[in-house]
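Hello,

Here is the structure for you to look over. My notes follow below it.

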Amino acid sequence: MDAAEDLELKLKKKVGESPFSKGLALIVGCEEGQETENKTFPFLRGVMKDVDLMEKTFRDTLRYCTWRVMNPTKVELAAALRAVASHSEYPPSYKRFVFIFAGHGIHEQIVVKDGLVRITNDITVPLEANNASSLASMPKLFFIDACRGPLQDSGVTVVSRGGEVAESITVPAKGNMLIAYSTLPNYEALEDTLTGGLWLKTLSSELSTSMDSIMDILTTVRGKVLEQCTSGTLQNRLGIKIDVLQVSQTDDTLLKKVYFLKEAKSQEEGEAMDTSDVRTTASHTEVTPPLHCHNPVLPTGSALRHGQSVSRPAFAQLNSILSSNQLKLNERYVEDAASGVTRYKCELYCVYGREDSGYHPTKEGSAEEAAQKLLPSVTRSLTPRGGASEQVSAVKRLQEHFKKEQKEVKYDTRRTPTKKYLSHAFVPGVGRVEGKEEKSEERAKESAASEALKRLKLA
């Protein structure tokens, strides 16, 4: 299998695991130092923070399927874009595509592992409607946080004066795109020494809190970045501390307003009314997981969202044990009406296993039956010899998840300048996950493991 086929399979798996997301976000970071014919680009310390932040924003807050690509070569980036353009099985809920880049840049090019990539010819053109039919009706948004030249803006002192896509539509081949640059042509992009790229950090904050359209958000971000340019902690992408201004720029051919958080909140309100997607076949009606589920195998959400009574012994006991260990019991129902009598089948999932019931006249009965089957494996894993429920650490829960695959989660814990500890968990299939600063090494590892469990939708 070549690299292109591998990327296509990765994308297919990503989309398959997130069938109810609002769209696809391809997040590319390049932190490794490069050397071209005319310029040397050093290692960027803040890129990983940028990528982590944008992935968290789009995945957890805006409900997007996120695909992270770190330090790609020109060929690998082109293959990833081809995979996006050629994929033909995007779910109906996918309404737009987002491309994010954090790293070095020069003029109208970004810097990847082995050279320069043109933003227009190499990135946006392959995703135009005539080259990517599956994306033709989707708005495509590009957020580029990279330098566009060597110039710096020192400022000038002045005196103050006190919706849904139709099945068959015609779209422009080269329209319906937005390209947002962190800085103006020929100018540098700035970086906060503590938290990464200034523009991406501010953009992430606004996307997570503002209900405005993306154009209004970008205008707000432009103003807030200027306000921060005098903080004294900024440096350019080359690591040189500076005190200059940064003005972002947007090229826009969108056909209508685009909202992120507003759509995500609207979806949450719909879920609160328990609006499930129901697909009917000749033999049975399948009730899919609630729309906020990122993974149909391990859906998130309340174990009691369907209204089951907590008086059921096995179900209540199972839910109580898992809740006390900061785990969630997840469920899925299949409704069978083929015989003329409505019956229910329940499938229950948790970190320690999966069980299902036979068809039962009520949802409560089917859930209780499945819980009785699942409870022994859970209690064996969570109950010590003394018989009392054990508080399982995040580190243990994370490793337990990979036990059957015989894979290991590794940690890198270091002392920080503030005399605290910061840990990174290296998780199979996920990559490096950073926790929060803590007072001890043990708590730092727990923080990293907890974040990894969230990434895996297990917490």
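Is His107 buried, partly exposed or exposed? His107 is partly exposed, with a relative accessible area of 38%. The classes are set as follows: buried is under 20% relative accessible area, exposed is over 50%, and partly exposed lies in between (1.4 Å probe, protein chains only).

Two notes on the source. This is a predicted model, in which local features need pLDDT of at least 70, side-chain atom pairs count only at pLDDT 80 or more, and totals for chains, interfaces and linings use all residues. Residues are numbered from 1 along each chain as its sequence is written, and side-chain values use heavy atoms, with hydrogens and water left out.

Backbone

His107 is not a glycine, yet its phi is positive, near 55 degrees. Look for His107 in the loop between strand E6 (105–106) and strand E7 (109–112). Helices (H or I, at least four residues) and strands (E, at least two) are DSSP runs, numbered from the N terminus.

Asn71 also deserves a look. Its phi is positive too, at about 50 degrees, and Asn71 is not a glycine. Asn71 sits in the loop between strand E4 (65–70) and helix H3 (74–86). Asn71 counts as buried, at 12% relative accessibility.

Salt bridges

Side chains of opposite charge can pair when their charged atoms come close. The rule used here asks for a side-chain nitrogen of Lys or Arg within 4 Å of a carboxyl oxygen of Asp or Glu. By that rule, there are 17 salt bridges.

Start with Arg455. Its side chain meets that of Glu55 in a salt bridge, at 3.7 Å from N to O. Arg455 is buried at 12% relative accessibility. Glu55 is buried as well, at 7%.

Arg455 also pairs with Glu451, and here the closest N and O atoms are 3.8 Å apart. Both residues belong to helix H11 (residues 441–455). They are 4 residues apart in that helix, so about one helical turn separates them. Glu451 is buried, at 13% relative accessibility. Salt bridges with shared partners link Asp52, Glu55, Arg68, Glu451 and Arg455 into one network.

Now take Arg443 and Glu438. They form a salt bridge, with the closest N and O atoms 3.6 Å apart. Arg443 is partly exposed, with a relative accessible area of 49%. Glu438 counts as buried, at 19% relative accessibility.

Best wishes
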